[in-house]
Amino acid sequence: MLGIAACVVVVSVVIYAYKRIMPPPPKGPPVITSPRIKLRDGRHLAYSERGVLRENATYKVILVHGYDSSKDIYLPLSQEVMAELGLYIVTYDRAGYGESDPNPKRNVKSEAFDIQELADQLHLGSKFYLIGMSIGTYPVWACLKYIPHRLAGVSLVVPVINFWWPYFPPKLVKREFEKQLKRDQWKLRIAHYAPGFVLYWWMTQKFFPRDSISERHPILLNKRDLETMQQMSQVPMPNQHKIRQQGEYESLYRDMMVHFGDWEFDPMELQNPFPQNDEASYVYLWQGHEDKLVPFELQRFLARQLPWIRYHEVPDGGHFIIHEKHFCEAIFRELLLGEQPKIN
């Protein structure tokens, strides 16, 4: 009897442990109030529009949100400025975020074709402008690789680096990687080498510090970021609760697994998407010198390998550049009109 009881206990512990470390199955958004398009694979993408009417727009821009964000991202761009520019902006919830269906097969390439289908179903034309921010720039790199012929111009704003892009010099990567907090070094290694249930366990366990972003570690924000966050907190965000409504695995953790996983290409080997030197078409990259999440040294190296990128480094800028009124407007004016921005 004791042996049977012991077996029951062991089996119960194993089942409990299994349930604790296995990611939950994709379940889709429980609450949907936004317009959505249906993709070829049957999934839906939720989107939001701002600016002038689509049919009256001079410029049409798809904007890609970052980590733990959504289509309702804060943009300090006034209606007057958008009207002056003839600007139409569409933002969308990336797969697994907000009101868009999850994609368990999500990868770098699939994000590019989600964007292309969004543009086609909204009739944005043969070419459109594209802006991505933070970890939401891996879909932008994917577009530069897989659908460059659809792009009228591109801005990458504080694009998150993948430390495993092979073109980076090993010594430089090692030095910058070791500047990360230990908890983040572990998180990034697990996301790269042991995605899936190991990453899920790490991000949900309570024994060790696991992630400086979710734990809101103060070291991540510089002075300007803190000031910007204070301003953002005063703006109502009624749909913020929907960002993680499908759970964190298919939104946040899937983002980490895709971005810090192995890619089919290295961005530093990409060709100029505008080889004809069209004066109206460029790729811009914005980096904050004091960004605590993205090492400027690696960003500088990347920009040197891609001389067709127009690189801007804000001396005291952090990770929230696009949420500052001056820089938000400058990013759009440069992308659309080619206006030289005032960095200082």
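How many cavities of 30 Å³ or more does the structure hold? I looked this up first in what is a predicted model, and I found one.

**Cavity.** I noted that the largest cavity contains about 30 Å³ of space. I then listed its lining: Ser 70, Lys 71, Asp 72, Asp 93, Gly 98, Glu 99, Asn 239, Lys 242 and Ile 243. Sorted by class, this lining comprises five charged residues, three polar and one nonpolar.

**Strands.** I turned next to strand β2 (residues 44–51) and its pairing with strand β1 (residues 36–38), which is antiparallel and runs over three bridges. In this pair I located Ile 37 opposite Leu 45 of β2.

**Helices.** At what angle do the axes of helix α3 and helix α4 cross? I read roughly 80° for α3 (residues 108–121) and α4 (residues 138–146), whose axes come within 8 Å. Angles of 65 to 115 degrees count as roughly perpendicular, and α3 and α4 are therefore roughly perpendicular to each other. For the contact I wrote down Val 108, Lys 109, Glu 111, Ala 112, Phe 113 and Ile 115 from α3, which meet Tyr 138, Pro 139, Ala 142, Cys 143 and Tyr 146 from α4. The residues of this contact comprise nine nonpolar and two charged, with no polar ones.

Key
Residues numbered from 1 in each chain as written. Predicted model: local features only at pLDDT ≥ 70, side-chain atom pairs only at ≥ 80, totals over all residues. Heavy atoms only, no water. Axes fitted to C-alpha atoms, helices over the stretch in contact; angles between N-to-C directions. Helix = DSSP H or I, 4+ residues; strand = E, 2+ residues; numbered from the N terminus. Parallel < 35°, antiparallel > 145°, perpendicular 65-115°, else oblique. Contact = heavy atoms within 4.5 Å. Nonpolar A, V, L, I, M, F, W, Y, C, P; charged D, E, K, R; others polar. 1 Å grid on protein atoms, 1.4 Å probe; cavity = no way out; pocket = protein on both sides within 12 Å on 5 of 7 lines; lining within 4 Å. Points joined across faces, edges and corners; volume = space filled by probe spheres on them. Pairing = 2+ DSSP bridges.
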